[in-house]
Amino acid sequence: MSTPTHFKSGREGRGAAFVADHHGSEHARFMRLTSYALAPLGILAVWYLAGVVGLSADGVRAAIGRPFPALTLIAFGVIGMIHAREGMNEIILDYVHDPALKDKALRANQWAARAIAALWTLALMLIAAPR
Amino acid sequence: MDSSGSANADSDPHGAQRPLSPHLSVYRPMMTMMMSIAHRITGAGLYVAMALLTLLFIGVGMGGAFYAAFGWLGSSAIGGLLVFLITWAIYHHLLGGVRHFLWDRGLYMDPKGREALAIGTLVGGVGLTVLTWIAKSLAG
């Protein structure tokens, strides 16, 4: 879905982003498909997030450590970070024009998104683990 | 030399020097444009927000020094304000997606409809956020 772009717009510097890289419809379809899952998950996530404010560590564990909230938040985090990775790719393509920097930023985005999704999942598994 | 004035910097030696057509600077601010910008800002903000919430969950899951370092994200007033803003950003971005979903089907594309939909994103996002937090405080 995400491809590091080796595409050349024909324009350098200012304006380089204003020429399509021909991945628009693929991107739009991917964002829409992931958002079908994210819309319900997001509403539930908001509910759980609003519920952990002001609580102690034990309070947070009691609030979201049960299977359904924990699994819901894990799904939201993983699908959300895939969706966010694709969105951040578009932002980088729009604003970072230097080819070398663009490649670095796109690669950093891949790994940052994976790291957040993995640590998010691990942390929620720790919260939900019986102790 | 390409006398047609192509923007291609490879075939036209003057391509890179040519001015761009003005875009943002000649636009009267419109709700659709503002909400498009807000959609991108909330999206990028949620990327950072997920990293912050991950730190909070690591703190809660690991306890000890980790909770001492990141627990404030959930327990302090500033942390509470951040989580409040995050919930607003989720709602705002979600409604922005619904707006695009409707537009993709050709609905509300007329001048009045598209502005109304953009205002709906703004008002709906704030409204849903406030309602959620009221409901949550009532639910205990």
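Biologist: Which residues does Ala44(B) touch, not counting residues up to four places away in sequence?

Modeller: Two residues are in contact if their C-beta atoms, placed from the backbone, lie within 7 Å. By that rule Ala44(B) touches Met88(A) and Ile91(A), leaving aside residues up to four places away in sequence. This is a predicted model: local features need pLDDT of at least 70, side-chain atom pairs count only at pLDDT 80 or more, and totals for chains, interfaces and linings use all residues. Residues are numbered from 1 along each chain as its sequence is written, while chains are lettered from A and ligands numbered from 1 in the order in which they are written.

Biologist: How many residues of chain B are in contact with chain A?

Modeller: 36 residues of chain B contact 37 residues of chain A. On the chain B side, helix 1, helix 3 (72-75), helix 4 and helix 5 each give two or more residues. Helix 1 of chain B has the largest share, with 13 residues.

Biologist: How do the residues on that side of chain B divide by class?

Modeller: Ala, Val, Leu, Ile, Met, Phe, Trp, Tyr, Cys and Pro count as nonpolar, Asp, Glu, Lys and Arg as charged, and the others, Gly among them, as polar. The side of chain B that touches chain A has 20 nonpolar, 13 polar and three charged residues.

Biologist: At what angle do helix 4 of chain A and helix 1 of chain B cross?

Modeller: Axes are lines fitted to C-alpha atoms, for helices over the stretch in contact, and angles run from 0 to 180 degrees between N-to-C directions. The axes of helix 4 (residues 99-128) of chain A and helix 1 (residues 31-62) of chain B cross at roughly 30° and come within 8 Å. Therefore helix 4 of chain A is roughly parallel to helix 1 of chain B. The cut-offs are under 35 degrees for roughly parallel, over 145 for roughly antiparallel, 65 to 115 for roughly perpendicular, and oblique for the rest.

Biologist: Is that crossing of helix 4 of chain A and helix 1 of chain B left-handed or right-handed?

Modeller: A crossing is left-handed if the near helix is turned anticlockwise from the far one by less than a right angle, and right-handed if clockwise. The crossing of helix 4 of chain A and helix 1 of chain B is left-handed. Residues in the contact include Leu119(A), Trp120(A) and Ala123(A) from helix 4 of chain A, and Thr54(B), Phe57(B) and Gly61(B) from helix 1 of chain B. By class, this contact has 13 nonpolar, two polar and no charged residues.

Biologist: How do helix 1 and helix 2 of chain A pack?

Modeller: Helix 1 (residues 24-52) and helix 2 (residues 57-64) of chain A pack at about 155°, with axes 9 Å apart. So helix 1 of chain A is roughly antiparallel to helix 2 of chain A. Their crossing is right-handed. Tyr48(A), Gly51(A) and Val52(A) of helix 1 meet Val60(A), Ala63(A) and Ile64(A) of helix 2. That contact has five nonpolar residues, one polar and no charged.

Biologist: How many helices and strands are in chain A and in chain B?

Modeller: Chain A has four helices and zero strands. Chain B has five helices and zero strands. Of the 131 residues of chain A, 27% count as buried; of the 140 in chain B, 31% do.

Biologist: What is the radius of gyration of chain B?

Modeller: Chain B has 22 Å, whereas a compact globule of 140 residues would be near 14 Å. The radius is taken over C-alpha atoms, and the globule rule is 2.2 Å times the number of residues to the power 0.38. The C-alpha trace of chain B spans about 70 × 40 × 25 Å along its principal axes.

Biologist: Which residue other than glycine has a positive phi near 55°?

Modeller: Tyr108(B) does. Tyr108(B) lies in the loop between helix 4 (77-104) and helix 5 (111-139) of chain B. Tyr108(B) is partly exposed, with 16 other C-beta atoms within 10 Å.

Terms used:
Buried ≥ 20, exposed ≤ 12 C-beta atoms within 10 Å, placed from the backbone.
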